[in-house]
Amino acid sequence: MPNDKAKNVYGTVEGQTMWASIATPNTKFEPVYSVNLVVSKDKAKEFTDRGFGSSVVKQKPISWGDESEQPTLIIKRKVQGPGFTRPAPKLISNERDEEGNWLPLNCNIGNGSKVRVKYKEWTSGDNKGLELIAVQVLDLVEYETDDIDF
């Protein structure tokens, strides 16, 4: 008898972050942990060739440099599941402790940071997406805010 359940497909992808909400969810609309990941045109094509549509692969203006539009992957994890709350994705550095474990981070990730993102592919009917599982910071750009404390 064939197994009707699809196996979980995990992967990693590297790029530069824009508007990362990793430790704290973005609550502007539906609360989600998310990262907009700027990738190469070839990498974006790999995802579109695998059936990921415009909800995952977009052209977005970058927030540094010439602000040109670049291929961007939208990777999210909803905070609320059916009857439960999902934890934040893991956020780790590119350094290990004495036992070989990745060191955790607790910071806000600035635009332009170089990261490696672990994701899980999902399918629901005709829709496909990428669930945010973990983010490893390879080169941190400090998060800056326009808020001025008086």
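Analyst: We start with the fold and then turn to the rings. This is a predicted model, so local features need pLDDT of at least 70 and side-chain atom pairs count only at pLDDT 80 or more, while totals for chains, interfaces and linings use all residues. Residues are numbered from 1 along each chain as its sequence is written, and side-chain values use heavy atoms, leaving out hydrogens and water.

User: How many helices and strands are in the chain?

Analyst: Helices (H or I, at least four residues) and strands (E, at least two) are DSSP runs, numbered from the N terminus. This chain has 1 helix and 10 strands. Their order is β-β-α-β-β-β-β-β-β-β-β.

User: How many aromatic pairs does the structure hold?

Analyst: Rings of Phe, Tyr and Trp (its six-membered ring) pair if their centres lie within 6.5 Å; planes under 30 degrees apart are stacked, over 60 edge-to-face, the rest tilted. Here there are 2 pairs. Phe47 and Tyr119 have ring centres 5.8 Å apart and planes at 65°, so they are edge-to-face. Phe47 is in helix 1 and Tyr119 in strand 9, so the pair ties together parts 72 residues apart in sequence. Phe47, Phe52 and Tyr119 form one aromatic cluster.

User: Are Phe47 and Tyr119 buried or exposed?

Analyst: Buried means under 20% relative accessible area, exposed over 50%, partly exposed in between (1.4 Å probe, protein chains only). Phe47 is buried at 2%. Tyr119 is buried at 5%.

User: Which charged end sits over the ring of Phe47?

Analyst: A charge counts if NZ of Lys or CZ of Arg is within 6 Å of the ring centre and within 35 degrees of the ring normal. For Phe47 it is Arg50, 4.8 Å from the centre. Lys128 lies over the face of Phe52, at 4.5 Å.
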